[in-house]
Amino acid sequence: MQGFATISTRMRRKAALFLALAASLCVALVLTAGSSASPAASGGGSITVWLSGTYAGATPGSTYRKWLDGIKARYEKTYPGSKVTFVLTPINNAQFTAQIAAAFASNKVPDAMLVYSGGYTTPYMLSSLMKLNSDVDTTPGFYASQTSWDLSCLGLDCKNGKGDIYAIPNDAGTYGLFYNRALFKKAGVAAPPTTYAQFLADCPKFKAKGIIPLAYGDRDGYSTDNWVTYDYSSYMPPNEIVQINAGKVKYDSPNLVKPLQQLAQFKQQGCVNADASTHENNDANTYFTSGKAAMVLMFPFVIKAFEQALGTKLGIARLPQSGPHPGRTAANSFHNWVIPKNAKNPTGAWSFIKMAVDNQGATALATVVGALPTNKVAISKITDPITTFFLRTAAHPQIPLLDSVVPLKIALLYYQQLQAAFSGKTSPAQAMQNVDKGIKTLSP
């Protein structure tokens, strides 16, 4: 009996051990199945990404899309079964603003959005965007790895990472004058203009050879905005943009009116394409890339596309300025990533955003698009001479770009009046007075 009891005890112990192992295996299988069914729990899962700002032009085959498709491929490889869907929003800022407001109101939002920094992000921070401090803080070294943070935070101040972070900077930028070396040679013009007076003097030389001096697309006021806000740096002290934003300096002040008066002469003297006021900003680039126009003002996001179109004929120079302090620049971050509060897969969105701005993603942004990444390692790897030119130009700005920091509603009003002034519908002085009057009627 004693021997039987010992055997029974051993059998009971083995049975208990078997049951315990079986239970553990079941738990493991359940956890594994749950992980496969919900990849968002580990950072993956299908996501929808809205693209706006310059990236609204990320059509298939464009340099923008090639870069984004690279991020998409990495994400889908890292998280098998996941899918990234891109949606292009209207390139017109007023139309995009209406679309995003409707999306937030109806809770029909994407998982992530790439939008303009500053004034195009701040209106939605408290009401509609996820605060990202916890994601940033729990990603080792993330904040220190990036630059140009302030336009992605509440109050345009990230306070060294201690402020309220609602977006992740993707790129930075400023403006430059691209030119066609071959057309300059054909017109007998030795070098790009350094002043407005020189530009106007060279203009007839190009026209005499059947060349459009400057490609210009001002249907929405953006070409005028890009040039005039850069030119403000040759007039303004460093803090004047802040004073304008605070309402302490009016839009009809000399430092805002004079640059617009000077620039309007380009249209008055026929130095831009005749349809400048009906062409969209980026669309006018075709005059330049097809060899019909000698010059175009643009940002670094077009570098690779321009290099592919013109090759060694492509040149770059600082924009001519009209103020008493030429040589100063205006620059800041251009686009940032945000996650709406009601996103279905915010965890997957964060994983995608990290890939977009990490060393690999940001380096690809510079090499595929030509844009200036905000990732410090990627910045250190830039070798393209034109991208390097923009990097130097943006390095020590006198002021930020006005439309990047003022409230969105004011920026949209401002664009309308700039377009009216350049097209000749009103005088530059009256246009800026109209901005001051319009601001009083805008709702908060």
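Colleague: Leaving aside neighbours within four places in sequence, which residues is arginine 328 in contact with?

Modeller: In this predicted model, once the neighbours within four places in sequence are set aside, arginine 328 is in contact with Tyr230, Ser233, Tyr235, Met236, Gln321 and Gln398.

Colleague: Where along the chain is arginine 328 found, and how far is its C-alpha atom from that of alanine 103?

Modeller: Arginine 328 is found in the loop between S8 and strand S9, the latter covering residues 332-338. Its C-alpha atom and that of alanine 103 are separated by 40 Å, and the two residues are 225 apart along the chain.

Colleague: Is arginine 328 buried, exposed or partly exposed, and how should I read the same feature for serine 234?

Modeller: The reading rests on relative accessible area, where buried means under 20% and exposed means over 50%. Arginine 328 has 25%, so it is partly exposed, while serine 234 has 0% and is therefore buried. Serine 234 is found in the loop between helix H9 (222-231) and helix H10 (240-245). Its side chain reaches the backbone oxygen of aspartate 231 at 2.8 Å, and, not counting residues up to four places away in sequence, serine 234 touches Gln321, Ser322, Gly323, Pro324, His325 and Pro326.

Colleague: How should I read a sheet, and in what order do the four strands of the open sheet come?

Modeller: Strands of a sheet pair through backbone hydrogen bonds, and they do so in either a parallel or an antiparallel way. Here the four strands form an open sheet in the order S6-S7-S5-S8, with mixed pairing. Strand S6 (212-215) and strand S8 (314-317) are the edge strands, each of them pairing on one side only. From one strand to the next, the twist averages 25°.

Colleague: In which sense do S6 and S7 pair, and which helix lies across them?

Modeller: S6 pairs with strand S7 (residues 293-298) in the parallel sense, over three bridges, and leucine 214 stands opposite methionine 295 in S7. Helix H8, made of residues 196-208, lies across S6 and S7 and runs at about 120° to S6.

Colleague: How do I describe two packed helices, and at what angle do H14 and H15 pack?

Modeller: Two packed helices are described by the angle between their axes together with the distance between those axes. Helix H14 (residues 346-357) and H15 pack at an angle of about 55°, and their axes are 4 Å apart. That angle is why H14 counts as oblique to H15. At the meeting place, Met355, Ala356 and Val357 in H14 meet Asn359, Gly361 and Ala362 in H15.

Colleague: What caps the N-terminal end of H15, and which residues in H15 are buried?

Modeller: Aspartate 358 caps that end, with a side-chain oxygen 3.1 Å from the backbone nitrogen of glutamine 360. In H15 (residues 359-369), Gly361, Ala362, Thr363, Leu365, Ala366 and Val369 are buried, and just after the helix, glycine 370 takes a positive phi of about 100°.

Colleague: Finally, how do I read a nonpolar core, and which residues in the largest one touch the most other members?

Modeller: In soluble globular proteins, nonpolar side chains tend to be buried together. The largest nonpolar core here has 134 residues, of which Ile168, Phe178, Tyr251, Phe266, Trp337 and Tyr414 touch the most other members. Helix H19 (residues 408-423) gives the most to this core, with ten residues.

Technical notes
Residues numbered from 1 in each chain as written. Predicted model: local features only at pLDDT ≥ 70, side-chain atom pairs only at ≥ 80, totals over all residues. Heavy atoms only, no water. Buried < 20%, exposed > 50% of the residue type's maximum accessible area, 1.4 Å probe, protein only. Polar contact = N/O pair within 3.5 Å; in protein donor to acceptor, adjacent residues only side chain to side chain. Contact = heavy atoms within 4.5 Å. Pairing = 2+ DSSP bridges. Axes fitted to C-alpha atoms, helices over the stretch in contact; angles between N-to-C directions. Core = buried A, V, L, I, M, F, W, Y, C linked by side-chain atoms within 4.5 Å. Parallel < 35°, antiparallel > 145°, perpendicular 65-115°, else oblique.
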